[in-house]
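Thanks for coming, everyone. Let me walk you through this one. Please take a look at it first.

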Amino acid sequence: MSAILISGKDLASDKRLEMKQEVEKLTKDGTQPGLAVILVGNDPASRSYVKAKEKACHEVGIYSVLQELPESVSEQELLAEIERLNQDEKIHGILVQLPLPKHISEQAVIETISPEKDVDGFHPINIGKMMIGEETFLPCTPFGIVEMIKSKDIEISGKHVVVIGRSNIVGKPVGQLLLNENATVTYCHSRTKNMKEITKQADILVVAVGKAKFIDADYVKEGAVVIDVGVNRLESTGKLCGDVEFDEVKEVASYLTPVPGGVGPMTITMLLHNTIESVKRKLKATV
Ligand code: NAP
């Protein structure tokens with residue numbers, strides 16, 4: 001068996017074409033969607049993520065502003081900047097690129113962003129709404145993963161999903177979203193015993209560990225759908241790779257996401273989606 005690849009790149013490109021038309025219409029009707037991104041310090045990886053987000057906004061016609069603040073900025077100054085953006089009528093989404101310097105509380109920052117502009121979906125109010133299945137901004141990476149699975153008409157209801165990883169931004173919410181889709185969900189993490197026995201039962205296996213090629217074919221049931229969230233740079237070649245041993249697992253899985261070109265492009269696309277959604281909700285509320 002050779003797995004069918006789920007290309008996040010192709011799906012993202014189709015979705016962005018649709019979004020471009022939607023943004024054109026909203027702009028023509030008087031409200032251009034706007035996204036503000038705050039970058040603190042000079043971390044090269046964070047800078048490249050922020051640049052990719054700016055480029056994507058430009059591609060679909062979303063107005064974007066980048067606020068660059070020095071590493072030394074105080075928590076109070078950063079929170080004041082967020083408060084200012086909360087009041088800015090031209091801004092519908094606010095994103096603070098993580099991680100932040102150690103002297104700033106990430107939780108305080110996340111909780112200062114207005115839930116109505118929290119297009120990353122990290123605010124506790126939005127996480128709570130996601131848990132109870134209310135309309136909200138869904139966190140972008142998990143949201144993108146669900147869209148990728150659905151794009152191939154893969155049945156989720158009743159399936160056993162195993163998620164490896166329990167971070168607040170990927171593992172936990174992706175399990176919750178798939179539970180909301182009526183899957184039976186099991187989480188594995190660094191304290192899990194006999195992990196192979198559990199992952200071998202998965203109809204859909206989501207891997208978000210952050211360790212290059214960590215999951216080989218021995219962890220995967222024949223015919224499983226495998227979603228590789230990991231982004232790792234190989235020291236030997238400098239190339240990007242996922243958490244899944246791609247060449248082996250593609251011979252066992254029915255569907256597999258590549259790295260690069262898989263979950264990554266969908267994450268940014270869902271950020272654009274949430275920014276557009278924010279405008280639509282605001283317009284609906286003012287009718
Ligand atoms: P994270 O916060 O470091 O979480 C990693 C998770 O893996 C933790 O829950 C950890 O368990 C678990 N883990 C670590 N070692 C393990 C082991 N030996 N066996 C089982 N579980 C183990 O990472 P993250 O933010 O969720 O990101 C995960 C990966 O996804 C990274 O490569 C990241 O770069 C990538 N990512 C990609 C995108 C994208 O858009 N493509 C977005 C976000 C993240 P404990 O909780 O017990 O420590």
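**The pocket and what surrounds it**

The largest pocket holds about 1300 Å³ of space. A pocket here is an open set of points on a 1 Å grid over the protein atoms alone, with protein on both sides within 12 Å along at least five of seven lines. Its volume is the space filled by probe spheres set on the points, which are joined across faces, edges and corners.

Before going on, a caution. This is a predicted model: local features need pLDDT of at least 70, side-chain atom pairs count only at pLDDT 80 or more, and totals for chains, interfaces and linings use all residues. Residues are numbered from 1 along each chain as its sequence is written, and side-chain values use heavy atoms, without hydrogens or water.

Which residues lie nearest the centre of the largest pocket? They are Tyr49, Thr141, Val231, Gly264 and Thr267, out of 44 lining residues; a lining residue has an atom within 4 Å of a point. Helix 2 (44–60), strand 4, helix 6 (140–151), strand 9 (232–233) and helix 10 (263–286) each give two or more residues to that lining. Helices (H or I, at least four residues) and strands (E, at least two) are DSSP runs, numbered from the N terminus.

Now helix 6. How many of its 12 residues are buried? The count is 10, where buried means under 20% relative accessible area, exposed over 50%, and partly exposed in between, with a 1.4 Å probe and protein chains only. Thr141 is one of the buried ones, and so are Cys140 and Met148. The cover over these buried residues includes helix 1 (8–28), helix 7, strand 7 (204–207), strand 8 (225–228) and helix 10. The end C-alpha atoms of helix 6 are 16 Å apart, in agreement with the 16 Å that its 12 residues should span at 1.5 Å a residue. That expected span is 1.5 Å times one less than the number of residues. Just after helix 6, Asp153 takes a positive phi of about 55°.

Helix 7 (residues 171–180) includes Gly175. Gly175 is buried, at a relative accessible area of 2%. Beyond neighbours within four places in sequence, Gly175 is in contact (heavy atoms within 4.5 Å) with Val163, Val185 and Tyr187.

The domain assignment gives domain 1 (31–114) and domain 2 (140–263). Such bounds come from an automatic or database domain assignment. Their centres, taken over C-alpha atoms, are 29 Å apart.

Helix 3 covers residues 75–87. From first C-alpha to last, helix 3 reaches 19 Å, close to the 18 Å expected. Its buried residues are Leu78, Leu79, Glu81, Ile82, Leu85 and Asn86. Strand 2 (34–40), strand 3 (63–69), strand 4 (93–96) and helix 4 (106–112) are among what covers the buried residues.

**A cavity to finish**

The whole structure has 1 cavity of 30 Å³ or more. A cavity is a set of points where a 1.4 Å probe fits but cannot get out. The largest cavity has about 60 Å³ of space. Its lining includes Val96, Val109, Asp118 and Phe122.
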